[in-house]
Amino acid sequence: MYVAVALVLVTLGTVVFHLVNPWWFTPIASNWGFIDTTIDITFWVTGTVFIAVLLFTAWCTYKYRYDPNRRSVYEPENKKLEWWLIGLTTIGVIIMLAPGLVAWNEFVTVPKGAAEVEVLAKQWSWGYRFPGKDGVLGKTSVKLIDDDNVFGVDPKDAKGQDDVVIDDSELHLPLDKPVKLLFRSTDVLHNFFVPQFRAKMDIIPGTVTYYWFTPTKVGTYNALCFELCGTGHYLMRGTVIIDKENDFKAWLAEQPTFEKSMKEAARAANQGFAKLESGQAKPGNENSKRVF
Ligand SMILES: [Cu+2]
């Protein structure tokens, strides 16, 4: 009897906790409402099965409790019951999986005209690259990555010269414009996730992965690395700011192109050499200690 009551209380408690708990999805800010719907459907199906199984167990525990005058019957086969169970399980699995297949098909079908933006993941920060005026991202190679050319853009590729390179964790995107994010990693597995956009994807060294979405609300959002990527993983946070189109264009116009950033890096290096030669600067700080 006590076990049956406990099972009913566990069922009731779980349902009430699910309905009133404060931890739920953050308000959505992209076109991926269908992903929320598929998760809701999964909750409904698994929740219904959870409640049915627990209440059935409680009922069995009570109805078939110990009775010295009763004898159990051994019945290993019940074809009718098995067909019912197979049928109901099949229907439940189809209801859960079919919407997911539709959602995934939409998720990997990038609409024509979506703007491409590259996201570069590295332990433990983010960088972003826009294609520039020609609308094409220049070629890259990991062999070309260094302190000045953090994206490894090929300086011989004319299409890369106007690429807008942002070696900073803050990304701006325009409102209501579909965008395809292309992901590269320079070291280990990472994952770019903005909870409000409901889209995430593993970032794998040696290949380019992607997803697309349309931002639907102006605002500032946290971008999280969602793959445990080393001791500094918890620090790997970026910011995505969704702007109205004019604000976005104004921000983008202020960002350096690859050509400009390389020229500035070369100029800074030349100035450093000039200071060294004239004795105004010393190689290394005398007061600093090298710590290994
Ligand atoms: Cu990471």
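A residue is counted as buried if 20 or more other C-beta atoms lie within 10 Å of its own C-beta atom, as exposed if there are 12 or fewer, and as partly exposed in between. By this criterion, Arg 198 of the predicted model is buried, because 22 C-beta neighbours fall inside 10 Å. Arg 198 is situated in the loop between strand 6 (190-194) and strand 7 (199-203). The backbone at Arg 198 adopts a positive phi, near 60 degrees, in a residue other than glycine.

A positive phi is also found at Asp 176, with a value of about 60 degrees, although Asp 176 is not a glycine. Asp 176 is placed in the loop between strand 4 (170-174) and strand 5 (179-185). With 13 other C-beta atoms within 10 Å, Asp 176 is partly exposed, whereas Arg 198 is buried. A further backbone feature concerns the peptide bond from Gln 123 to Trp 124, which is cis, with omega near 0 degrees. Trp 124 belongs to the loop between strand 1 and strand 2 (125-130).

The domain assignment of the protein gives domain 1, comprising residues 2-67 + 78-108, and domain 2, comprising residues 115-273. The C-alpha centres of domain 1 and domain 2 are separated by 40 Å. Contact between the domains involves 10 residues of domain 1 and 14 residues of domain 2.

The largest nonpolar core contains 30 residues, and those with the most contacts inside this core are Val 119, Ala 121, Phe 192 and Val 240. Strand 1 (residues 115-122) makes the greatest contribution to the core, with four residues. At least three residues of the core are drawn from each of domain 1 and domain 2. For Val 240, the residues touched are Leu 171, Leu 173, Val 194, Tyr 221 and Ala 223, when residues up to four places away in sequence are not counted.

Helix packing was examined next. Two packed helices are described by the angle between their axes and the distance between the axes. The axes of helix 1 (residues 2-20) and helix 2 (residues 33-63) come within 8 Å and cross at roughly 165 degrees. Angles over 145 degrees count as roughly antiparallel, and helix 1 and helix 2 are therefore roughly antiparallel to each other. Their crossing is left-handed. On the side of helix 1, the contact is formed by Val 3, Ala 4, Leu 7, Val 8, Val 10, Thr 11 and Val 15. The residues contributed by helix 2 are Ile 51, Leu 54, Leu 55, Thr 57, Ala 58, Thr 61 and Tyr 62.

Helix 2 also packs against helix 3 (residues 79-108), with axes that come within 9 Å and cross at roughly 170 degrees. Helix 2 and helix 3 are therefore likewise roughly antiparallel to each other. In this contact, helix 2 supplies Phe 34, Ile 35, Thr 37, Thr 38, Ile 41, Thr 42, Val 45 and Val 49. The residues of helix 3 that take part are Gly 92, Ile 95, Met 96, Pro 99, Gly 100, Ala 103 and Glu 106.

Thr 48 is likewise located in helix 2. Thr 48 is exposed, because 12 other C-beta atoms lie within 10 Å. Thr 48 and Gly 92 stand 44 residues apart in sequence, and the C-alpha to C-alpha distance between them is 9.9 Å.

Key. Residues numbered from 1 in each chain as written. Predicted model: local features only at pLDDT ≥ 70, side-chain atom pairs only at ≥ 80, totals over all residues. Core = buried A, V, L, I, M, F, W, Y, C linked by C-beta atoms within 7 Å. Helix = DSSP H or I, 4+ residues; strand = E, 2+ residues; numbered from the N terminus. Domains from an automatic or database assignment. Contact = placed C-beta atoms within 7 Å. Axes fitted to C-alpha atoms, helices over the stretch in contact; angles between N-to-C directions. Parallel < 35°, antiparallel > 145°, perpendicular 65-115°, else oblique. Left-handed = near helix turned anticlockwise from the far one by under 90°.
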